[in-house]
Amino acid sequence: MRQFRSLFALLAIAGLALPATVQSQQPRYGGELVFPVPSEPPSYDGHREETFGLIHPFAPFYNTLLRVDPNDPSGTKPVPSLAESWTVSKDGLTYTFKLHKGVKFHDGSDMTSRDVKASYDKIIFPPPGVGSTRKGQYAVVQAVEAPDASTVVFKLKWASASFLAGLASPWNFIYKADILAKEPNWYEKNIMGTGPFTFIEHVKGSHVVGKKFAGYWDKGKPYLEGFRAIFMRDSAAQVAAVRGERAHIQFRSFTSKDRDNLKAALGDKITVQESDWDCILMVGVNHKKKPFDDKRVRRALTLALDRHAGSKALSQIAIVKAVAGVQVPGTPFATPPAELNKLAGYGTDINKSRAEAKRLLKEAGVPEGFSFTFSNRGIPMPYEPLGVWMIDQWRQIGLNVKHNVIESRAYFPFIRKGEAEVHMDFQCGYIVEPDLDMYKFLSTSRNPANYGYYEDPVLDQLYDKQSRATNLEERKAAIRAFEKRLLDEEAHYLMTLQWNRIIPHSSKVKGWTITPSHYLNNTLDTVWLTE
Amino acid sequence: MAFYILKRLLAMIPTMLGVAVLIFLLLRVVPGDAVEARYLGEGGQYQSQELMQMERKKLGLDQPLWKQFVTWMAGLARLDFGLSMWTGAPISEEIELRFALSLQLAIMASTLATLLAIPLGILAAIKQDTWIDYAVRVFSIAGLAMPSFWLGILMILSMLIFFKWLPPMVFTPLWVNPWENLAQLIWPALAVGYRYSAVGTRMMRSSMLEVLREDYIRTARAKGLWLKLILSRHAVKNAILPVLTIISLEFAFLLGGLVVTEQVFNLNGLGMLFVEAIARRDYTLTQALVMLVATFFLIVNFVVDIAYAWLDPRIRYR
């Protein structure tokens, strides 16, 4: 009887608690989300621009064909958006997408496959005089077809493992075909999409306002009445805005110190979400400069870095944290730590690594106290602390390094001249996908943005192999081989530490999940405010 | 006098031409251009040379330098600043957006500086070496020692910690909502105005001390004139000249020079626009802003020179 009583008591508690839990998770309608944006884009055209300053305030006005699952913290799973479903032919060369019916543009007109085709034609096959910054990413596409109003077909030149991820790109806004036909550059200065919010105003240098689109195709969404994105360059002002409860969230990232200060000041009013960030600084070694044409010297440079100790120390003061290879740790294609630690410079015994580094330098004829210049970009976070850290690490194997800091905008023009000996390079991805993350390291003849200036046909072949692999395990194996050759055997590039994304936001904000990319999850259709 | 004014006005033309040549050349010496700034910045290192060349052609950057200069000067002669290389919007539109805020802030800060500097400087001078003088000197030295942006940060933190309040983050014009407008701009005006009042106070004090030792002041006192009359009619009018110059030049500077303060208070003003235009290698916008600020300086200088003649009839222009 006592047991029954306990059971009843438990059920009663559960019965009382359940509705409360459900209620707290039940999205609430209304409210205006306010968020600072640290950068402002030159134009409104997602097909053309590069900055997250475009995505954060303007993505809510648009939809893409696919999107990255907004609830998946790994940020790697393409899910339907304007496309309702898709099929892939057996040979992997034809992708057929069925579109949602009843999708309206903000001007009231219907969105059809013609609009999807026109948008992708603009991205992949831009007409003369139209700039498309991502044309190269879709080199695999042979043609885009619209056989009927609700079907879009992509014909590929070869099977591609990353094609679906490419279609989930947050940049590929679907524009209206009729407008593009009249004026292909119209979207640079105007906004009109199918997204959950309609455009109200943009005061340059100040703010962007969006209002809920009553005719949104995904019934029941969005939950917010509107949003206000405020351009705010100064990070202290952004933190103050969240602390003063003038803003709910900043979607890029804050530092660990900002997080701690906000948490200390606001307690439970702040919720913190953290993730490894799909951005990394890496060291480019100019193979055209002696002695860096010798792989023993390059291996010595990477062996000198105590990444594990660096991770602990630097994560306290900079926005970096995890020890990583060519993929964001914890994502489907990332090398597990135990395996990664076998690569040169990733081992846990730093004394052994440095002894090997010294031996290699001696063998290559590099004298003790050898001096070279390390060029770094004039951005305080995290370039500066990482640069200082690396110079100290190299000093410990007897190298004397001069730190040459170059103003941010002048940096890449300088690096492209090919004069730098060793320099800091970086990349940020909009989705964790090996094709995108590893493209940087292809031979310079295939990718002129490889500032290591090397030719490595073996590496290129491994890239192509993983890119065209249709079998998951086969792809993983090719990625591992690529990583080993890039970072260990040839040491073409040296990885530093993965960035760490920290979003401390108002606890009133619900329905938003952090991912490794600050370009993702900004459509705001799933976001709601508790009050 | 009329001849002097005409001469000064004509002298502005070669000065402006000099500024134009200098800024045009200096900008092109700095590495990079608007196209590189746009595509080689954040993540965008993968652009083809064809795309870059196409963008350069659109902006006229493929033209020889002399041709770019002539095109720009021809536009200036028609008061047409052209289009921003970054946004493609008319430059007049870009400046107009920020001008109201910067002008209002400059007026508020200068007014505050004048209202503080002149009475405090006079008071310190006539009460020389008393506790009042010492207090004013401490007040002004503190103002000189504290950068206005730092004072701004302190103000924001104090408001946050003690009152859990922050000024509005978006500019509202005075005629739309005076309360919102003042709630946003009074704080930067105080931070900047205090800094400039400190310079003015010290200048007013030393200038007054000098004037108070002049023979004509001694004569006036010997005649038994009332002190207030001596100060207002004879001393202040003469002592104010250097203060007027300083405050006027500061006013011109405030229009485009409040970069860090604008950043701290998140103000959408000309100072931030200036810095961003330079960082983005937006040649056309930077050139326009430099010409605008240079024009302000010339006009303010000119007005101050004319005001000198009115304030001090001993000054004669030929």
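Before you click, note that the model is predicted: local features need pLDDT of at least 70, side-chain atom pairs count only at pLDDT 80 or more, and totals for chains, interfaces and linings use all residues. Residues are numbered from 1 along each chain as its sequence is written, and chains are lettered from A and ligands numbered from 1 in the order in which they are written.

**Stop 1: chain A, domains.** Color 32–223 + 508–529 as domain 1 and 276–500 as domain 2; these bounds come from an automatic or database domain assignment. Their C-alpha centres sit 33 Å apart. Domain 1 of chain A brings 19 residues to the contact and domain 2 of chain A brings 18 (contact: C-beta atoms, placed from the backbone, within 7 Å).

**Stop 2: chain A, strands.** Select E15(A), residues 422–428, and E11(A), residues 270–285: they pair antiparallel over 7 bridges (strands are DSSP runs of E, at least two residues, numbered from the N terminus; pairing takes at least two DSSP bridges).

**Stop 3: chain B, helices.** Show H5(B), residues 91–126, and H10(B), residues 227–257, packed at about 150° with axes 10 Å apart (helices are DSSP runs of H or I, at least four residues; axes are lines fitted to C-alpha atoms over the stretch in contact, with angles from 0 to 180 degrees between N-to-C directions). The pair is therefore roughly antiparallel (over 145 degrees). Finish on the contact residues, including Ala109(B) of H5(B) and Phe251(B) of H10(B).

Methods. Two residues are in contact if their C-beta atoms, placed from the backbone, lie within 7 Å. Angles under 35 degrees count as roughly parallel, over 145 as roughly antiparallel, 65 to 115 as roughly perpendicular and the rest as oblique.
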